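Open the structure in your viewer and keep the selection tool at hand. The stops below are to be visited in order.

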Amino acid sequence: MSAEQPAYATGISLQQARELIIAVASEHTLPPETVALEMALDRVLVTDMFAPFDVPGFANSAMDGFALRGADLPQSGERALRLIGQIFAGGNSAPSVGAGECVRITTGAPLPHGADSVVIKENARVDGGFVWMSAGEKPEANTRPAGEDYRAGELALRAGMRLTAAQLGTLASFGCGTITVKRRIRAVLLTTGDELVPTGVPLGFGQIHDSNRFSLGGLLRTFDVDLVRHEHLRDDPALLRTALQQAARDADIVLSSGGVSAGEADYLPGLLAEIGRIHLWKVRIKPGMPFLFGSIGEALVFSLPGNPVSGIATFLSLVRPALDTMLGINQSARKTWRARLQSAIQKRHSRTEFLRATLTCDENGTLWATPLAKQGSGMLRGVSEADILLIVPEDKHDLAQGSVVEFLPLPGLA
Ligand code: AMP
Ligand code: MG
């Protein structure tokens, strides 16, 4: 290797950058911890979960009506069965059903002994101590057998899933009061730039509000990262050095914005090389080319360019795979999304481009992506109004209307 060659990857493709980031992040996986089920939404499951028993645990009625023996249903005309009692959901006993008998039942109540079928109340007529029903009812109808949902011992949820509301429901149906998940990733967010002013403070000459604090902070929260703190830092190398070192001690990841290009006040790459290690600087993407990735001690450092859209695009395309890897979320389980282009695209450069676009689904079930007019990397409007980031590959320069293109969904799409 010649002396001029940097000791880190540079100018690599999006795919190569992802692979490198995933390889480094896989050395930084999070330990497990046990939490109450009510705290487990969006947390990542550590072990496969099997049904401890049949769910439901007993055969029960799927409807409000009358439980009876299927053999007693009339083949033609009408028939009356003697009403011998009732059982409601939560009721603890019911008379057993013999030939020519029935029991009033509600949804979720256990099928009484002897009964195997339910006739819904709308199809039955009560007259004194008898219930009349007509031909056309089916044996075993309107009942739910034990284990219909999950059989005892059946694999229900896989390790590496980020728990959804429905999955919390599944775990609750197994009686889990606590669950073992990955510890949340702790992050310190640093926004850098002399021009930045907090919201609520009037803007002076040349100043802008620190919007990345909220857009990047919002993305961290979207992916359930624990934001230890945010700091705004001036473009001062001494301040930045101290803040980076402290952040690396306090968090699993340091996320910074600004100061990674080649401008006079872009100190991050030099500092990272000095106090830590650079793994990667500059990826063949647009926007977000100056993306910087490294580590300080045990912490991973992601330094995103300051342009608001660059920050969001690099977070979703390069930081998110690292977060997933640290949490043990299987990358190949991630869905690939595709849509057709509503309008043609031309690009001149040979980088992967993230285009802000809206998404619609037509009556044939085809997804259509419409690139927004405002595509500047400093323009929040484009990304605020978009549903997706279209990924135009490096080697594609002319994409006709109707071409199929991959995209990254922006949070909030679903
Ligand atoms: P930089 O990457 O520091 O060269 O910044 C690139 C552009 O992004 C400049 O126009 C900055 O003013 C802007 N910028 C940097 N940080 C932020 C921030 N936190 N919020 C909004 N805009 C920013
Ligand atoms: Mg700056």
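The tour goes from the ligand to a pair of rings and then to some points on the backbone.

The model is predicted: local features need pLDDT of at least 70, side-chain atom pairs count only at pLDDT 80 or more, and totals for chains, interfaces and linings use all residues. Residues are numbered from 1 along each chain as its sequence is written, chains are lettered from A and ligands numbered from 1 in the order in which they are written, and side-chain values use heavy atoms, with hydrogens and water left out.

**Ligand 1**

Select ligand 1 and the 15 residues that surround it; a residue is near a molecule if one of its heavy atoms lies within 4 Å of it. The closest are Glu195, Asp210, Ser211, Gly259 and Gly306. By type, the shell has three nonpolar, 10 polar and two charged residues (Ala, Val, Leu, Ile, Met, Phe, Trp, Tyr, Cys and Pro count as nonpolar, Asp, Glu, Lys and Arg as charged, and the others, Gly among them, as polar).

Now show the polar contacts, which are pairs of N or O atoms within 3.5 Å. On Asp210, a polar side-chain atom lies 2.8 Å from a nitrogen atom of ligand 1.

**An aromatic pair**

Next, select Tyr150 and Phe174, whose ring centres are 5.2 Å apart with planes at 80°, so the pair is edge-to-face (rings pair if their centres lie within 6.5 Å; planes under 30 degrees apart count as stacked, over 60 as edge-to-face and the rest as tilted). The structure holds five aromatic pairs.

**Backbone points**

Which kind of peptide bond runs from Val55 to Pro56? The bond is cis, with omega near -5°. Select Lys286 and Pro287 for another cis peptide bond, where omega is about -5°. Finish at Asn142, a residue other than glycine, where phi is positive, near 60°. Most residues other than glycine have a negative phi, and most peptide bonds are trans.

Technical notes: Polar contact = N/O pair within 3.5 Å; in protein donor to acceptor, adjacent residues only side chain to side chain. Phe/Tyr/Trp six-rings, centres within 6.5 Å; stacked < 30°, edge-to-face > 60°.
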